[in-house]
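Subject: Handover of a protein structure

Dear colleague,

Please find below the structure that I am passing on to you. My findings follow directly after it.

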Amino acid sequence: MDSFVNIALPKGRLGEKVYGMFERAGYECAEIKEQNRKLIFESKENGVRYFWVKPSDVAIYVERGAADIGVAGKDILLEYEPDVFELLDLGVGKCRMAVAAPSGYRDNRSKTLTVATKFSKIASDYYKSRGRSIDVIHLNGSIEIAPLLGLSDVIVDIVETGATLRENNLEVIEEIVDISARLISNKASYRFKGDKIDEITGRMREAIK
């Protein structure tokens with residue numbers, strides 16, 4: 001069995017911040033900071049192997065066992081419901097999932113609400129819990145323009161500062177859930193490498209403080 005713990009990190013600023021937490025926890029890997037095009041990095045002395053993947057793919061690598069642990073946003077976990085263990089809220093990558101609409105918008109409950117979003121399941125679950133019938137329009141980008149062009153009544157999306165919404169004359173009208181980066185584990189890996197994974201989780205918890 002592979003003695004390394006394979007760790008999937010999300011590419012980009014969040015991943016760099018998360019790697020810094022692993023480093024502070026004692027799992028540094030010198031070559032990850034070198035200027036190169038490598039995607040896989042090993043630290044034999046610390047028993048870890050890191051690799052960079054697209055943020056939305058981390059949960060797939062972990063669920064399928066290509067990674068033992070990884071870091072994924074709570075939005076991904078809620079939307080795709082991967083069969084993984086959620087170990088720890090890392091407290092970084094904080095934002096919120098919210099409903100936004102043109103300024104001054106009022107919901108007409110006598111008709112079906114059209115909702116544009118990348119997060120179809122989260123939107124559907126939220127409105128189902130409120131007994132509101134909706135028509136979901138799944139988009140992959142530039143969601144803010146959907147209500148401006150009459151494609152949808154509202155949008156469901158991740159909001160960080162709200163600056164993009166304000167620039168497009170939109171405002172948050174309902175907040176659905178807080179989002180942050182979570183440490184997750186493959187379930188089989190946790191059975192076989194549980195002691196090492198628990199050690200990493202504990203040291204990461206200390207690194208957060």
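Asn 186 is buried, since its relative accessible area is 6%, below the 20% under which a residue counts as buried. Please bear in mind throughout that this is a predicted model.

**Asn 186 and its surroundings**

Asn 186 belongs to strand E11, which covers residues 181-186. Its side chain has polar partners in the backbone. A polar atom of the Asn 186 side chain lies 3.2 Å from the backbone oxygen of Glu 63. A polar atom of that side chain also lies 2.9 Å from the backbone nitrogen of Ala 188. Setting aside residues up to four places away in sequence, Asn 186 touches Val 62, Glu 63, Arg 64, Gly 65, Ala 67 and Asp 68.

**Ser 189**

Ser 189 is located in helix H7, residues 187-192. With a relative accessibility of 8%, Ser 189 is also counted as buried. Its side chain and that of Asp 68 are joined by a polar contact of 2.6 Å.

**Helix H8**

Gly 194 and Ile 197 are among the buried residues of H8, together with Ile 200, Thr 201, Met 204 and Ala 207. These residues lie on the same side of H8, because the arc they cover around the axis is only 145°. The length of H8 can be checked as well. The helix has 15 residues (194-208), and at 1.5 Å a residue it should span 21 Å; the C-alpha atoms at its ends are 21 Å apart, so the two values agree.

**Helix H4**

After H4 comes Gly 131, which has a positive phi, near 70°.

**The largest pocket**

The largest pocket holds about 970 Å³ of space. Its lining consists of 37 residues, and those nearest its centre are Asp 75, Cys 95, Lys 118, Ile 158 and Glu 160. Which element gives the most to the lining? It is E9, with four residues.

**Loop residues**

Ser 142 is not a glycine, yet its phi is positive, at about 50°. It is placed in the loop between strand E8 (134-138) and helix H5 (145-148). Ser 142 is exposed, as its relative accessible area is 52%. Asn 169, which is likewise not a glycine, has a positive phi of about 60°. Asn 169 is part of the loop between H6 and strand E10 (170-179). With a relative accessible area of 48%, Asn 169 counts as partly exposed.

Ser 56 is another loop residue, found between strand E3 (48-53) and helix H2 (58-63). Its relative accessibility is 28%, so it counts as partly exposed. Ser 56 and Leu 14 are separated by 42 residues in sequence, and their C-alpha atoms are 12 Å apart in space.

**The protein as a whole**

The protein contains eight helices and 11 strands. Along the principal axes, its C-alpha atoms fill a box of roughly 60 × 35 × 30 Å. Of its 209 residues, 47% are buried. Among contacts with a separation of 6 or more, 68% are between residues 24 or more positions apart.

With kind regards

Definitions and conventions. Residues are numbered from 1 along each chain as its sequence is written. This is a predicted model: local features need pLDDT of at least 70, side-chain atom pairs count only at pLDDT 80 or more; totals for chains, interfaces and linings use all residues. Side-chain values use heavy atoms; hydrogens and water are left out. Helices (H or I, at least four residues) and strands (E, at least two) are DSSP runs, numbered from the N terminus. Buried means under 20% relative accessible area, exposed over 50%, partly exposed in between (1.4 Å probe, protein chains only). A polar contact is a pair of N or O atoms within 3.5 Å; within protein, one must be able to donate a hydrogen and the other to accept it, and residues adjacent in sequence count only if both atoms are side-chain atoms. The expected span of a helix is 1.5 Å times one less than its number of residues. The arc is that of the directions from the helix axis to the C-beta atoms. On a 1 Å grid over the protein atoms alone, a cavity is a set of points where a 1.4 Å probe fits but cannot get out, and a pocket is an open set with protein on both sides within 12 Å along at least five of seven lines; lining residues have an atom within 4 Å of a point. Grid points are joined across faces, edges and corners, and a volume is the space filled by probe spheres set on the points. Contact means heavy atoms within 4.5 Å.
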